[in-house]
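Open the model in a viewer and keep the sequence panel beside it. The stops below say what to select and what is found there.

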Amino acid sequence: MKFAWSLRGFLIGLFVLLFGVFPATAQQDINWKSLSEAQELAKENGKKVMLFAEAEWCGYCKKMHKEVFPKQTVQDSLHKYFYPVKVDIESDRKIVFNGSSLTERQLARRFRVSSTPTFIFLDQDGNTIGRQPGFLPTNIFDKLVAFVGSDLTGKQSFKQYLKKHGVDINR
């Protein structure tokens with residue numbers, strides 16, 4: 001009987017180890033930066049900044065965190081082109097944008113964020129390249145990041161880009 005309990009304890013421990021530890025280490029989260037750090041790094045390294053405007057109560061924001069951001073294709077695209085920054089549209093936390101101090105709420109107002117989530121893409125100087133409101137599934141979001149990141153905005157439509165990459169949004 002003592003052997004059965006020790007074997008059972010071993011199996012429970014093994015289960016917890018395999019399903020509790022490894023999935024947590026397998027999926028990394030996005031390497032979020034402060035806005036001032038992201039802008040500084042963007043200038044130094046020739047990348048852009050992506051603002052993720054969210055709110056604590058936003059269900060689709062939580063869905064982005066749970067379903068989209070953990071995907072490797074999304075992380076790879078973001079890492080290649082952008083420094084990502086989270087902005088809580090209702091927060092009074094102080095941040096620095098283009099050398100000026102303001103709250104996250106004030107920044108959201110400056111960018112006229114009226115719904116969450118909203119993605120705002122900035123160049124190295126803090127100028128808006130583009131914006132996209134709403135939840136996007138992985139197969140669209142990673143393509144949007146690559147499209148904006150590789151400077152295709154204004155050169156072709158995003159719809160054409162998606163079609164070229166095997167994504168049909170007309171279905």
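## Stop 1: Leu-41 and its helix

Select Leu-41, which is found in helix H2. The model is a predicted one. With a relative accessible area of 18%, Leu-41 is buried, because the cut-off for that class is under 20%. Leaving out residues up to four places away in sequence, Leu-41 touches Lys-33, Gly-46 and Tyr-83. Show the C-alpha atoms of Leu-41 and Tyr-83: they are separated by 7.6 Å, and the two residues are 42 apart along the chain.

Now extend the selection to the helix. Which residues of H2 are buried? They are Leu-35, Ala-38, Gln-39, Leu-41 and Ala-42. Look down the axis of H2: these buried residues fall within an arc of 165°, so they line one face of the helix. Turn to the other side of H2, where Glu-40, Lys-43 and Glu-44 are exposed.

Against what do the buried residues of H2 pack? Colour S1, strand S2 (82–88), strand S3 (94–97) and helix H5 (104–110) to see the elements they meet.

## Stop 2: Gly-46 and Lys-47

Step past the end of H2. Gly-46, just after the helix, takes a positive phi of about 70°. Lys-47 has its place in the loop between helix H2 (35–45) and strand S1 (48–54).

Lys-47 is buried, yet it has no salt bridge. Which side chain of opposite charge is nearest to Lys-47? That is Asp-76, 11 Å away. Select the backbone oxygen of His-79 instead: it lies 2.4 Å from a polar atom of the Lys-47 side chain. Apart from residues up to four places away in sequence, the residues that Lys-47 touches are Ala-42, His-79, Lys-80, Tyr-81, Phe-82, Tyr-83 and Gln-124.

## Stop 3: Val-74

Move to helix H4 (residues 72–81), which holds Val-74. Is Val-74 buried or exposed? Its relative accessibility is 1%, so Val-74 counts as buried.

## Stop 4: Glu-104

Go on to helix H5, where Glu-104 is found. At 4% relative accessibility, Glu-104 counts as buried. With which side chain does the side chain of Glu-104 make a polar contact? The partner is Arg-93, at 2.5 Å. Display the residues around Glu-104 as well: not counting residues up to four places away in sequence, it touches Lys-86, Val-87, Asp-88, Ser-91, Arg-93 and Ile-95.

## Stop 5: Backbone geometry in the loops

Most residues other than glycine have a negative phi, and most peptide bonds are trans. The next selections depart from that pattern.

Select Arg-112 in the loop between H5 and S5. Arg-112 is not a glycine, but its phi is positive, about 55°. Its relative accessibility is 69%, so Arg-112 counts as exposed.

Pro-117 is also to be found in the loop between H5 and strand S5 (118–122). Show the peptide bond from Thr-116 to Pro-117: it is cis, with omega near -5°.

Then select Asp-151, in the loop between helix H6 (138–149) and helix H7 (158–164). Asp-151 has a positive phi of about 60° and is not a glycine. With a relative accessible area of 42%, Asp-151 is partly exposed.

## Stop 6: The whole chain

How many helices and strands does the protein chain have? There are seven helices and six strands. Traced from the N terminus on, the elements run α-α-β-α-α-β-β-β-α-β-β-α-α.

Switch to a surface. The protein chain exposes about 10400 Å², and carbon and sulfur atoms supply 55% of that area. Of the 171 residues in the protein chain, 40% are buried. Finally, consider contacts between residues at least 6 apart in sequence: 60% of them join residues at least 24 apart.

Conventions:
Residues numbered from 1 in each chain as written. Predicted model: local features only at pLDDT ≥ 70, side-chain atom pairs only at ≥ 80, totals over all residues. Heavy atoms only, no water. Helix = DSSP H or I, 4+ residues; strand = E, 2+ residues; numbered from the N terminus. Buried < 20%, exposed > 50% of the residue type's maximum accessible area, 1.4 Å probe, protein only. Lys, Arg positive; Asp, Glu negative; His and termini not counted. Salt bridge = Lys/Arg side-chain N within 4 Å of Asp/Glu carboxyl O. Polar contact = N/O pair within 3.5 Å; in protein donor to acceptor, adjacent residues only side chain to side chain. Contact = heavy atoms within 4.5 Å. Areas by Shrake-Rupley, 256 points an atom, 1.4 Å probe, with all protein chains shown as cover. Arc of directions from axis to C-beta.
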